[in-house]
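Subject: Structure for you to look over

Hello,

Here is the structure I promised to pass on. Please open it first, then read my notes below.

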Amino acid sequence: MIDLTAQDLLFLVLAGIIIVASLWTVFAENPVRATFFLIVSFLPTAGIYMMLHAPLAGLLQVLVYTGAILVLFTFVVMMINPSPGPSSERLTPPPYIRRTRLLAALASLAIAGSGLWLVLLLPAGGAVEVQSEFGSVRAIGRLLFENPLENPHTISLQMLGLLILGGIILAVNLSRGRNVR
């Protein structure tokens, strides 16, 4: 018999919600509903981050992905309104798209099932000791900004900022079009 703690059960419930919401995201015919299910799949992900003692990652998951990017994406999808019209005008997707969706869902379930099977077969190694500040804003700030002249993480963060700035400049130039001077 498998001994499951309350934390294991909570993880399984959150993982199940993520899997079901992700499948609904793939199979939803209405893009607005698909983005809603994607938001629903991101919230339990934040819960799993919290369970892994990474509250900053969980908070950023909710604020950045769920709160900003996906809500903005949902509004854009609602503004362009790509939903199918009345049932007489609906286009049925070609059979290869249905097969691709089915294969993607089966592959996802196979990967999730094999991962769950491996986790359940592994012997319980006991709880890993985690420092009290692990994953907190203070610990990440200390990791990134402590002794900035000799810290390789500070250089990586600066390079990431330059990469994002370059992407923004490129996006603005591409969106201006060719005829604008």
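Along the sequence, the pattern reads α-α-α-α-α-α. That is six helices and zero strands. Keep in mind that this is a predicted model.

Overall figures

Of the 181 residues in the protein, 16% are buried. The exposed surface comes to about 14,100 Å². Carbon and sulfur atoms supply 71% of that surface. I also looked at contacts between residues at least 6 apart in sequence. Of these, 58% join residues at least 24 apart.

Aromatic rings

The whole structure holds three aromatic pairs. One of them is Trp24 with Phe37: the ring centres are 5.0 Å apart. Their planes meet at 45°, so this pair is tilted; stacked would need under 30 degrees, and edge-to-face over 60. The pair links distant parts of the chain. Trp24 sits in helix H1, residues 6-27. Phe37 sits in helix H2, residues 31-51. Phe37 has a relative accessible area of 18%, and the limit for buried is under 20%, so Phe37 counts as buried. Ring pairs also bring in Phe36: Trp24, Phe36 and Phe37 are linked into a cluster.

Positive phi in two loops

Most residues other than glycine have a negative phi. Two residues here are worth a look on that score. His53 has a positive phi, near 60°, and is not a glycine. Its place is the loop between H2 and helix H3 (55-80). Asn147 is not a glycine either, yet its phi is positive at about 50°. Asn147 lies in the loop between helix H5 (137-145) and helix H6 (152-176).

Are these two buried, exposed or in between? His53 has a relative accessible area of 44%, so it is partly exposed. Asn147 is at 44% relative accessibility and is also partly exposed.

The start of the chain

Asp3 belongs to the segment before H1. Its relative accessibility is 69%, and exposed means over 50%, so Asp3 counts as exposed. Which residue did I pair it with for a distance check? Leu120, which is 117 residues away along the chain. The C-alpha atoms of Asp3 and Leu120 are separated by 9.6 Å.

Best wishes

Conventions
Residues are numbered from 1 along each chain as its sequence is written. This is a predicted model: local features need pLDDT of at least 70, side-chain atom pairs count only at pLDDT 80 or more; totals for chains, interfaces and linings use all residues. Side-chain values use heavy atoms; hydrogens and water are left out. Helices (H or I, at least four residues) and strands (E, at least two) are DSSP runs, numbered from the N terminus. Buried means under 20% relative accessible area, exposed over 50%, partly exposed in between (1.4 Å probe, protein chains only). Contact means heavy atoms within 4.5 Å. Accessible areas come from the Shrake-Rupley method with a 1.4 Å probe; for residues, only the protein chains shown count as cover. Rings of Phe, Tyr and Trp (its six-membered ring) pair if their centres lie within 6.5 Å; planes under 30 degrees apart count as stacked, over 60 as edge-to-face and the rest as tilted.
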